[in-house]
Amino acid sequence: MSANISIFDTTLRDGTQGEGISLSADDKLKIALKLDALGVHYIEGGNPGSNSKDIEFFQRVKSLGLNARITAFGSTRRKNSLAEQDASLLRIVESGVPAATLVGKAWDFHVHTALQTSLEENLAMIFDSFAFLKRNGMEAMYDAEHFFDGYKHNPEYALAALRKAQDAGADWLVLCDTNGGTLPSEIHEIVSRVRSELTASIGIHTHNDCELAVANTLSAVQAGARQVQGTINGYGERCGNANLCSIIPNLQIKMGYNCLPDEKLRTLTSTARYVSEIANVHMPVGQAYVGNAAFAHKGGIHVSAIMKDSKTYEHIQPELVGNKQRILVSELAGQSNIISKAHELGLDVNSNNEKTKQIIDQIKELEHQGYQFEGADASLELLLREAFTDMKEIFTVESFKMHMEKSNGVMISEAIVKINVDGQQVYTAAEGNGPVNALDNALRKALVQFYPKIEQIHLSDYKVRVIDEKDATAAKVRVLVESTGLDNTWSTVGVSSNVIEASWEALLGSIRYALLSMDKVNNGSPDITERLGLINH
Ligand SMILES: CC(=O)SCCNC(=O)CCNC(=O)[C@H](O)C(C)(C)COP(=O)(O)OP(=O)(O)OC[C@H]1O[C@@H](n2cnc3c(N)ncnc32)[C@H](O)[C@@H]1OP(=O)(O)O
Ligand SMILES: CC(=O)C(=O)O
């Protein structure tokens with residue numbers, strides 16, 4: 001029978017030691033709810049001896065009634081003092097949590113250099129602190145700091161530190177690769193030795209300084225560790241902690257250990273993305289299992305094969321972790337990419353169709369000019385709908401003008417646009433907070449009388465990228481505009497050597513796409529359906 005592994009999440013404690021990550025008490029509570037829904041067994045909420053935000057978290061988390069065990073973090077008592085009077089230990093007990101993790105030294109060098117005390121006193125600090133937690137009825141975990149480095153320098157002392165914690169009643173001995181410098185083979189050998197010498201349950205806590213935190217965790221589990229500590233998306237100090245979003249599916253799907261119920265594992269991707277939103281840290285697209293590109297296929301040869309059987313280029317079914325397959329269309333596309341994308345949009349497109357070949361050539365030519373459709377889903381959809389349906393022009397642009405001046409220290413941007421909607425000429429002017437905003441305002445003002453819902457969309461991101469840096473200010477630029485509204489977010493692209501023109505092209509694409517979505521929201525008034533050519537041909 002496969003072994004159960006306890007998942008100990010320390011996103012809210014060790015994760016916040018990552019540069020740029022700062023979570024409010026409210027943020028922590030939201031993340032705790034999400035982690036609980038994922039089904040992790042322990043949530044380390046913070047360090048009540050460190051700051052009042054963490055104290056607030058521990059006070060408020062009780063009312064959430066979570067299934068996960070909430071644990072508080074602290075260190076062993078200070079040297080030459082009593083556990084009963086140690087501020088950190090007292091805060092932990094006062095926080096009212098059922099479990100606590102104490103970091104304590106296991107490397108003789110650290111005892112001498114960081115604590116500046118004797119080896120005996122450190123062992124006493126460990127014993128007294130765990131005995132104190134146990135007297136207070138708590139589940140107690142010993143995070144044996146720098147255990148692997150300590151073991152390599154002085155194995156007997158590192159093991160003596162573990163033994164002290166075990167003798168005092170610690171429930172888990174968690175071996176920490178604090179500096180992240182240990183290799184998987186070393187981890188396996190050392191964890192195996194610990195298992196043969198001690199009886200308490202073993203946990204593993206690794207850092208990613210050699211990009212080996214996940215591998216080291218798996219290796220420790222193979223050697224007998226039964227608790228894994230890590231963070232969502234691998235947040236943590238320096239290069240981060242072991243990433244639970246990779247560890248959990250590796251252990252469960254590849255190695256056959258029980259970590260989470262299968263239905264909970266399917267919430268892994270949404271959990272990772274939720275935590276990244278709250279932490280305000282962009283997720284790498286290529287993040288294993290949960291990244292946006294983890295199951296994205298770009299090469300034409302790959303797409304052709306996955307359309308026959310997705311196992312040809314996917315190591316697992318993306319749905320097992322709540323992710324999904326994506327097909328990218330770019331200059332590396334073949335017919336299969338286009339057909340797959342078109343089918344996703346409900347367009348009836350066949351291979352060896354002249355139009356399919358034309359659209360591939362057109363996309364390759366546009367990408368050669370600097371367009372990029374991977375990041376501009378809406379521009380690609382418009383291109384495909386134009387190619388494969390009778391989509392009519394909703395409006396045509398006759399002209400636009402920009403006027404900018406600085407008057408009394410205030411910068412003013414004004415745009416004038418002249419468009420034609422169904423033979424009716426509309427002429428509008430609008431000011432904006434910069435030229436792109438002015439153009440956007442003027443265009444909407446012209447269209448709102450025909451499409452009132454256009455007021456519900458707004459520009460949510462705007463990115464400019466120079467394509468040929470060597471041409472300096474005469475270089476072409478690519479503008480990507482992201483728009484949001486009508487329960488949707490979409491991106492469009494424009495390219496020109498003039499940044500205003502590139503922005504205008506991206507804006508026009510965004511508005512055209514919005515009108516398309518609006519039609520869907522309205523369930524298609526016959527008039528608009530016909531204009532957009534939503535009936536396939
Ligand atoms: C590997 C890890 O991730 S361990 C966790 C690291 N995380 C953090 O440090 C974040 C939270 N920390 C804090 O808020 C603060 O550092 C506090 C409240 C814990 C302590 O603050 P201060 O009392 O001002 O001490 P400071 O941070 O300067 O130094 C740490 C002290 O703890 C002592 N100490 C360090 N580790 C241990 C330990 N395992 N057991 C007992 N004492 C320890 C050090 O010797 C040092 O004592 P000294 O001042 O006598 O030299
Ligand atoms: C305890 C801990 O976070 C470490 O040793 O890395």
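This text walks through a predicted model of a protein chain, from its overall build to a few local details.

The protein chain has 537 residues, and 43% of them are buried. Its C-alpha trace spans about 90 × 65 × 50 Å along the principal axes. The chain contains 19 helices and 16 strands. Among the contacts with a separation of 6 or more, 67% are between residues 24 or more positions apart.

A place to begin is the pairing of two helices, α1 and α12. Helix α1 covers residues 25-38, and its axis lies 10 Å from that of α12, with an angle of about 175° between them. Angles over 145 degrees count as roughly antiparallel, so α1 is roughly antiparallel to α12. On the α1 side the contact is made by D27, K30, I31, K34 and L38, which meet L268, T271, Y274, V275 and I278 of α12. Sorted by type, the residues of this contact are six nonpolar, one polar and three charged.

Helix α12 spans residues 268-279, and N280 lies in the loop between α12 and β9. The phi of N280 is near 60°, which is a positive value in a residue other than glycine. Most residues other than glycine have a negative phi. N280 has 11 other C-beta atoms within 10 Å and is therefore exposed, since the limit for that class is 12 or fewer.

R238 also has a positive phi without being a glycine, with a value near 55°. R238 sits in the loop that runs between β8 (227-230) and α10 (244-254). Is R238 exposed or partly exposed? R238 has 13 C-beta neighbours inside 10 Å, so it counts as partly exposed.

The next helix to look at is α3, residues 87-94, where S88, L89 and I92 are buried. These residues lie on the same side of α3, because they cover an arc of only 95° around the axis. The spacing of such residues follows from the helix itself: an α-helix has 3.6 residues a turn, so residues three or four places apart point the same way. The cover over the buried residues of α3 includes β3 (69-75), β4 and α5 (119-135). Just after α3 comes G96, whose phi is positive, at about 75°.

The residues around ligand 2 are D14, V103, D143, E145, C176, T178, H205 and H207.

Notes. Residues numbered from 1 in each chain as written. Chains lettered and ligands numbered in written order. Predicted model: local features only at pLDDT ≥ 70, side-chain atom pairs only at ≥ 80, totals over all residues. Near = placed C-beta within 6 Å. Helix = DSSP H or I, 4+ residues; strand = E, 2+ residues; numbered from the N terminus. Buried ≥ 20, exposed ≤ 12 C-beta atoms within 10 Å, placed from the backbone. Arc of directions from axis to C-beta. Contact = placed C-beta atoms within 7 Å. Axes fitted to C-alpha atoms, helices over the stretch in contact; angles between N-to-C directions. Parallel < 35°, antiparallel > 145°, perpendicular 65-115°, else oblique. Nonpolar A, V, L, I, M, F, W, Y, C, P; charged D, E, K, R; others polar.
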